[in-house]
Amino acid sequence: NPGQIIIGADSHTCTLGAIGAFGTGMGSTDIAAAIATGETWLKVPESIKINLTGKLRKGVFHRDIILYVIGKLGADGANYRTLEFTGPAVKFMTVPERAVLCNMAVEAGAKNGIVEPDEMYAKYLAENGRSSSAGKYFQSDKDAQYFSKMDVDISKINPGAAMPHNVDNYCEVSELEERCIKINQGFIGACSNGRIENLREAAEILKSFKINKNVKLMISPASQKVYAQALKERLIDTLISSGAVILNPSCSACWGGCQGILSKGEVSISTGTRNFRGRTGHADSEIYLASAATVAVSCIEGYISDPVKYL
């Protein structure tokens, strides 16, 4: 619920900032101590205000926003600080869209990412069978002091990607398309871009096309609930018909512990959270991070491609 402090043994626990909660990742030993005692110790982080204005253009998604922001801040630009996403553009974002922003705050070094809970969150609760009055709806003081501020007009953002081997190694997809970077694998899923909205984005593109014969596209719904909804909407049928492989809900190919392990020299374009060297397999493989739409289009073309022309 909003206003709560939530700790988890995954660094992307900061996703919970989408509901106005302070969510952060910690080590397993710290988590065990908190479970045993019911307490934990944290330094209150300074805040960086990310003021978002404008409206996304066709073919650009919330995933593109956070990759752009991380590219500007740098991988250590928000170390042990809060990324507070605010502004007119955020007001109209759904909770799942806000989750995309908060999810990757840690990739700029942030302790957490957060959005003020508002009527959009109350609507989200009601749609999921919970009381809209749950939690505490904290808001920033009008005279709040920030470590720094960043203004971003999202209408000027283009489809973007993080190039190997760091999440802040930002580049516009159109530039990568000019380089004709061939891919071996695509992945849509995990905690950052496996929501029903992302599967809809991919299915809308793939419904009229087949996956390139030299590419493997794997899709992992973020949860059983998302999987069930995708089945209900027949998105799974569309994705399978295009040649995609549907995986069970999990971290999956975001990391190299299970499905989608890359071999030496292979290139993947992924909606995962990280692209560190060896993250998804061999140390000499490469991972590009992008939106679900960019991944889908790239898997059709066989090389990293701008999704704008398909939408």
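Analyst: Ala, Val, Leu, Ile, Met, Phe, Trp, Tyr, Cys and Pro count as nonpolar, Asp, Glu, Lys and Arg as charged, and the others, Gly among them, as polar. By these classes, the lining of the second largest pocket has twelve nonpolar, nine polar and four charged residues. This is a predicted model, in which local features need pLDDT of at least 70 and side-chain atom pairs pLDDT 80 or more, while totals for chains, interfaces and linings use all residues. Residues are numbered from 1 along each chain as its sequence is written, and side-chain values use heavy atoms, without hydrogens and water.

User: What makes the pair of Y121 and Y137 tilted?

Analyst: Rings of Phe, Tyr and Trp (its six-membered ring) pair if their centres lie within 6.5 Å, with planes under 30 degrees apart called stacked, over 60 edge-to-face and the rest tilted. By this rule there are four aromatic pairs. In one of them, the ring centres of Y121 and Y137 are 6.1 Å apart and the planes stand at 55°, so this pair is tilted. Y121 belongs to helix α5 (residues 119–127) and Y137 to the loop between α5 and β6 (148–153), so the pair ties together parts that are 16 residues apart in sequence; helices (H or I, at least four residues) and strands (E, at least two) are DSSP runs numbered from the N terminus. Together with Y124, Y121 and Y137 form one aromatic cluster.

User: How do you know whether Y121 is buried or exposed?

Analyst: Buried means under 20% relative accessible area and exposed over 50%, with partly exposed in between (1.4 Å probe, protein chains only). Y121 has a relative accessible area of 2%, so Y121 is buried, whereas Y137, with 30%, is partly exposed. T13, at 12% relative accessibility, also counts as buried. T13 is placed in the loop between β1 (5–8) and β2 (22–25), and beyond its neighbours within four places in sequence, T13 is in contact (heavy atoms within 4.5 Å) with I6, I7, G8, G23, T24 and G25.

User: How do you know that K43 lies over the face of Y80?

Analyst: NZ of Lys or CZ of Arg must be within 6 Å of the ring centre and within 35 degrees of the ring normal. K43 lies over the face of Y80 at 4.8 Å from the ring centre, and R81 lies over the face of F147 at 3.5 Å from the ring centre.

User: What volume does the largest cavity have, and what makes it a cavity?

Analyst: On a 1 Å grid over the protein atoms alone, a cavity is a set of points where a 1.4 Å probe fits but cannot get out, a pocket is an open set with protein on both sides within 12 Å along at least five of seven lines, and lining residues have an atom within 4 Å of a point.

User: Which residues are closest to the centre of the largest pocket?

Analyst: The largest pocket has a volume of about 830 Å³, and of its 26 lining residues, P96, Y124, N128, R195 and V226 are the closest to its centre. The largest share of this lining, four residues, comes from α4. The second largest pocket, of about 650 Å³, is lined by 25 residues, with F22, S47, I114, F138 and S140 nearest its centre.

Terms used:
Grid points are joined across faces, edges and corners, and a volume is the space filled by probe spheres set on the points.
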